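Me: Hi! I'm new to this one, could you walk me through it?

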Amino acid sequence: MPSLKDLRVRITSVKSTQKITSAMKMVAASKLKRSQDAVVAAKPYAKDLETIIVNLANRIEARRNAEEADETRLEAAVSNLTDNVKNLANNVKKRYYVKELNTAKSQELPSLFDGTGKENAHLLIVLTSDRGLCGGFNSSVARAVRNNIRQLEKEEKTVKILCIGRKGRDALKREFGKYIINTLEGVARKGASFVESDEITLKIIEMFENSEFDVCSLVYNKFISAMKQEVTFEQVIPFKLSMHEEISDEEIKHKLHVFGPGAVYEYEPSEQEILEKILPRNLAVKIFNSILESQASEHGSRMTSMDSATRNASEMIDKLSIKYNRTRQAFITKELIEIISGAEAV
Amino acid sequence: MGKIVKVELVTPEKIFLREEVGMVIIPGYKGDFAVLPRRAPILVTLRSGVVTFFNKDKKVMHRIFVAGGIADIHNDECKILAENAMKVQDIDCEEIALKLEQAKKDIKETEIHAVRIKIEDNIKYYDSIIKFIEQEERIKAD
């Protein structure tokens with residue numbers, strides 16, 4: 001049985017822990033509000049950009065298909081002719097269509113959009129926090145990444161990991177240390193800024209240009225509510241429509257109608273050039289948004305876990321106080337018994 | 001439809017400004033151009049420069065300096081996705097000059113290609129702000 005002094009010491013220590021956890025909860029709650037606002041504020045840009053990209057790509061694709069159809073129609077027409085005329089037609093075709101064919105080839109979608117055509121090397125960008133004490137926030141991301149990597153290993157793909165946040169590296173380095181190519185710490189410590197995501201994007205694009213990977217995905221906690229976060233895999237290279245739930249079908253149809261082949265839409269510079277210019281920016285926006293989501297999730301997760309820690313601490317204090325009081329009474333009773341039995345003996 | 005243009009100026013961080021205007025002048029890829037109601041749809045990339053908002057009586061409402069981006073205009077809606085935006089009256093010339101100097105120093109120190117590109121972009125951006133302000137002052141002086 002612990003002595004009274006031991007109990008007193010334990011109660012004070014639990015009390016001071018409780019003070020810390022409740023303070024952390026308050027801090028997390030106020031930060032959560034701020035980062036939640038940031039998440040909401042950053043949505044319109046991402047959504048608009050994505051709609052533009054989808055429509056541009058559709059447009060280029062549609063035109064390419066149309067050109068191909070023209071080409072096959074021409075072929076078919078030529079093959080129906082007699083040999084003499086065929087030769088003539090071929091000559092004409094060569095002379096007049098070669099130029100057009102060349103332009104059709106240059107109308108290919110950029111590789112950031114279409115990918116390299118392979119799926120051998122995967123780059124996972126793992127977003128976690130730099131600090132702990134936020135419940136299952138980091139471990140759930142780490143678990144999902146681990147499962148994913150095992151799957152990729154089975155398929156004999158090469159894996160590379162870029163960690164944003166210290167905790168993710170710590171959790172993954174024992175098993176997959178050889179895959180981790182870099183760890184960025186202190187990202188968005190003073191609130192996420194777009195410039196920061198831009199720098200990360202540059203590094204990633206440089207790697208992509210050097211063909212160090214074919215597919216790039218972001219892994220982060222998507223913020224749903226303070227109580228709930230969801231580990232999300234989002235493929236960013238090659239481009240995949242991610243916000244489809246948020247851009248309604250109606251909206252896309254409306255846009256497509258406007259962008260459709262019939263509408264006279266001007267482009268300055270060409271569609272191709274615009275797409276090439278905005279794809280890297282879209283990547284930066286995606287990274288920026290996932291950093292924001294991850295941050296909001298971190299604060300939400302920390303808030304709830306610190307809240308339950310505070311509650312657990314007060315339960316513990318109650319239990320310990322009862323134990324303390326009982327022990328104290330037991331001591332008093334014991335002393336009384338000793339006195340009485342001493343007196344009786346005399 | 002037909003009397004006003006709904007303009008939305010968005011940066012990655014937030015919706016910077018939302019306004020119904022009579023006309024807006026945008027620094028397009030090939031040169032500045034005005035967007036009036038019932039304009040033909042256009043998708044255009046932007047240079048760094050000033051977006052000017054005019055109300056229905058063609059009086060200047062806002063002047064905003066944007067750092068590149070893209071504008072999508074159709075159905076009397078004008079969406080400007082800018083990488084960076086600030087109101088012209090808020091530009092602090094000295095601060096920009098300091099940043100420019102710092103960037104020029106940084107670019108000498110760094111060897112990494114990607115970082116260099118980024119800093120070069122920044123330098124261009126700061127330069128364009130300073131040039132714009134100088135021009136502005138010349139006009140005032142005249």
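Reply: Happy to; here is a short tour, and please keep in mind that this is a predicted model.

Me: Thanks! How many helices and strands does chain A have?

Reply: Chain A contains eight helices and six strands. Going along the sequence, their order is α-α-α-β-α-β-α-β-α-β-β-α-β-α.

Me: And which domains does chain A have?

Reply: The domain assignment lists domain 1, made of 4–33 + 302–339, and domain 2, covering 111–298. The centres of these domains of chain A, taken over C-alpha atoms, are 43 Å apart.

Me: How many residues are in contact between domain 1 and domain 2 of chain A?

Reply: Six residues of domain 1 touch seven residues of domain 2 in chain A. On the domain 1 side, the elements giving two or more residues are α1 (4–79) and α8 (271–345) of chain A.

Me: Which strand of chain A is joined to β5(B), and do the two run parallel or antiparallel?

Reply: That is β6 (residues 266–268) of chain A; three bridges join β6 of chain A to β5(B), and the two strands run parallel. In this pairing, A:E266 stands opposite B:I42.

Me: Nice. What about the largest nonpolar core, how many residues does it have?

Reply: The largest nonpolar core has 87 residues. Those with the most contacts inside this core are A:I125, A:V126, A:V219, A:F288, B:V24 and B:I80. The element that gives the most to the core is α8(A), with 14 residues.

Me: Let's zoom in on A:F288. What is A:F288 in contact with?

Reply: Leaving aside neighbours within four places in sequence, A:F288 is in contact with A:A42, A:A192, A:F194, A:S197 and B:P12.

Me: Last one: what share of chain A counts as buried?

Reply: Of the 346 residues of chain A, 29% count as buried. As for contacts in chain A between residues at least 6 apart in sequence, 80% join residues at least 24 apart.

Note on methods:
Residues are numbered from 1 along each chain as its sequence is written. Chains are lettered from A and ligands numbered from 1 in the order in which they are written. This is a predicted model: local features need pLDDT of at least 70, side-chain atom pairs count only at pLDDT 80 or more; totals for chains, interfaces and linings use all residues. Domain bounds come from an automatic or database domain assignment. Two residues are in contact if their C-beta atoms, placed from the backbone, lie within 7 Å. Helices (H or I, at least four residues) and strands (E, at least two) are DSSP runs, numbered from the N terminus. Two strands pair if DSSP finds at least two bridges between them. A nonpolar core is a set of buried Ala, Val, Leu, Ile, Met, Phe, Trp, Tyr and Cys residues joined through C-beta atoms within 7 Å. A residue is buried if 20 or more other C-beta atoms lie within 10 Å of its own, exposed if 12 or fewer, and partly exposed in between; C-beta atoms are placed from the backbone.
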